[in-house]
Amino acid sequence: MSTMEEPGLATIRWKCRRGMLELDILLERFVSRHYAGLDDARRQAFMTLLDAEDDLLWDWMTGRNTPEEKGIAELVEQIRNLR
C-alpha cells in the first residue's frame, strides 16, 4: 500500500455512482474486473479519474475527448475496451 491511506472498496464503488447510468455501468464493471489488480499508481489515477465531472468522463469514455494525463488516458482506454 502507498503512503497515502487508500479508500476502501465500498468507497470506490460509491464514487463510481454517477449521474449517468452508462457511466455507472462502465466504472462498476471496471472496478469489479480490474481494480484489485491495479498497482498503487494506477489506483491513484483511477481515483483522480473519479474526481472528473460526468460530462467530461462521458466525453472520455465515448472518445470525444482524451485525458491529458497519460495514466488516466490509459485507464480510460482500458475501461472503453471492456466487453
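Residues are numbered from 1 along each chain as its sequence is written, and side-chain values use heavy atoms, leaving out hydrogens and water. Because the model is predicted, local features need pLDDT of at least 70 and side-chain atom pairs count only at pLDDT 80 or more, while totals for chains, interfaces and linings use all residues.

Helices here are DSSP runs (H or I, at least four residues), numbered from the N terminus. Two packed helices are described by the angle between their axes and the distance between the axes. Axes are lines fitted to C-alpha atoms, for helices over the stretch in contact, and angles run from 0 to 180 degrees between N-to-C directions.

| Helix pair | Angle | Distance between axes |
|---|---|---|
| α2 and α3 | about 165° | 13 Å |
| α2 and α4 | roughly 65° | within 11 Å |
| α2 and α5 | about 95° | 10 Å |

Let us begin with α2 and α3, whose packing angle is about 165°. That angle makes α2 roughly antiparallel to α3 (the word is used for angles over 145 degrees). Their crossing is left-handed, meaning that the near helix is turned anticlockwise from the far one by less than a right angle. From α2, the contact (heavy atoms within 4.5 Å) is made by Leu 27, Phe 30 and Val 31, and from α3 by Phe 46, Leu 49 and Leu 50. By class, this contact has six nonpolar, no polar and no charged residues. Here Ala, Val, Leu, Ile, Met, Phe, Trp, Tyr, Cys and Pro count as nonpolar, Asp, Glu, Lys and Arg as charged, and the others, Gly among them, as polar.

α2 also passes α4 in a left-handed crossing. On the α2 side, Glu 22, Leu 23, Leu 26 and Leu 27 make the contact, and on the α4 side Asp 54, Leu 57, Trp 58 and Met 61. This contact has six nonpolar residues, no polar ones and two charged ones.

With α5, the angle of about 95° makes α2 roughly perpendicular to its partner (65 to 115 degrees). Leu 26, Leu 27, Phe 30 and His 34 of α2 meet Leu 75, Gln 78 and Ile 79 of α5. These residues divide into five nonpolar, two polar and no charged.

In α5 (residues 70-80), the buried residues are Ile 72, Leu 75, Val 76 and Ile 79; buried means under 20% relative accessible area with a 1.4 Å probe, protein chains only. Seen down the axis, they fall within an arc of 100°, so they line one face of the helix. The arc is that of the directions from the helix axis to the C-beta atoms. What covers them includes α2 (21-34), α3 (40-50) and α4 (54-62).

α4 has Leu 57, Trp 60 and Met 61 buried. They cover an arc of only 95° around the axis, which puts them on the same side of α4. Their cover includes α2, α3 and α5. Just after α4 comes Gly 63, with a positive phi of about 85°.

## A stop at Lys 15

Lys 15 lies in helix α1 (residues 9-15). With a relative accessible area of 27%, Lys 15 is partly exposed, the range between buried and exposed, which is over 50%. Leaving aside neighbours within four places in sequence, Lys 15 is in contact with Met 47, Leu 50 and Asp 51. Asp 51 is 36 residues away along the chain, and the C-alpha atoms of Lys 15 and Asp 51 are separated by 8.4 Å.

How values were computed
Helices (H or I, at least four residues) and strands (E, at least two) are DSSP runs, numbered from the N terminus. Angles under 35 degrees count as roughly parallel, over 145 as roughly antiparallel, 65 to 115 as roughly perpendicular and the rest as oblique.
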